[in-house]
Amino acid sequence: IFFIPYSSQNRAYILGEIKKPGAYLLQSSYTLLDIISDAGGILPVSANKGAIYLVREIRGKQFIAKIDFNKLFSGKTINIRLKSGDRILVSSTILTDYNRIIEQLLPTTQLIKDSLNIFNSLK
């Protein structure tokens with residue numbers, strides 16, 4: 001009898017300010033640095049290197065670890081070995097969040113401005 005696991009088993013997930021977010025198949029001794037590397041690395045301009053979060057479920061409870069990338073990369077923080085179902089979020093900087101909000105507001109403000117210009121030209 002052969003057991004073929006579901007495709008979602010034995011994977012870790014990485015999201016956020018990373019070049020290739022997604023689900024990555026865990027290999028033996030797969031670590032946080034491994035998944036960051038396989039995902040193409042963090043985005044240098046938009047990622048908050050001091051706020052990488054690892055979410056792990058242990059006995060039905062969620063645990064969150066906040067990791068500083070510079071400490072991880074320099075060896076000052078333990079390079080955590082990943083387990084199936086681990087989720088990693090590379091958060092964005094405050095400036096990145098602000099810029100994304102402005103990007104969403106610009107079309108509306110441009111529409112209002114254009115509407116006012118048309119209204120003023122009809123007078």
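Analyst: Let's start with Arg-59, which is exposed at a relative accessible area of 80% (exposed means over 50%, buried under 20%, partly exposed in between, with a 1.4 Å probe and protein chains only). Before going on: this is a predicted model, so local features need pLDDT of at least 70 and side-chain atom pairs count only at pLDDT 80 or more, while totals for chains, interfaces and linings use all residues. Residues are numbered from 1 along each chain as its sequence is written, and side-chain values use heavy atoms, with hydrogens and water left out.

Arg-59 sits in the loop between β3 and β4 (61-67); helices (H or I, at least four residues) and strands (E, at least two) are DSSP runs, numbered from the N terminus. The backbone is the curious bit: phi of Arg-59 is near 50 degrees, a positive value in a residue other than glycine.

You'll find Ser-29 in the loop between β2 (22-25) and α1, and it is partly exposed at 43% relative accessible area.

One more loop, between α1 and β3, holds Gly-40, which is partly exposed at 31%. Leaving aside residues up to four places away in sequence, Gly-40 touches Lys-19 and Lys-20 (contact means heavy atoms within 4.5 Å). Its C-alpha is 6.9 Å from that of Ile-18, 22 residues away along the chain.

Now for the inside. The largest nonpolar core has 20 residues, and Ile-14, Ile-35, Ile-36, Leu-82 and Ile-88 have the most contacts within it. Such a core is a set of buried Ala, Val, Leu, Ile, Met, Phe, Trp, Tyr and Cys residues joined through side-chain atoms within 4.5 Å. Two or more residues each come from β1 (11-16), α1 (32-38), β3 (47-58), α2 (69-74) and β5 (87-92). Among the residues that Leu-82 touches are Leu-26, Tyr-30, Ile-35, Leu-54 and Ile-88.

Zooming out, there are 3 helices and 5 strands, running β-β-α-β-β-α-β-α along the sequence. The radius of gyration is 21 Å, well over the 14 Å that the globule rule gives for 123 residues, so the protein is more spread out than a compact globule. That radius is taken over C-alpha atoms, and the rule is 2.2 Å times the number of residues to the power 0.38. Along the principal axes, the C-alpha atoms fill a box of roughly 80 × 40 × 30 Å. Buried residues make up 25% of the 123.
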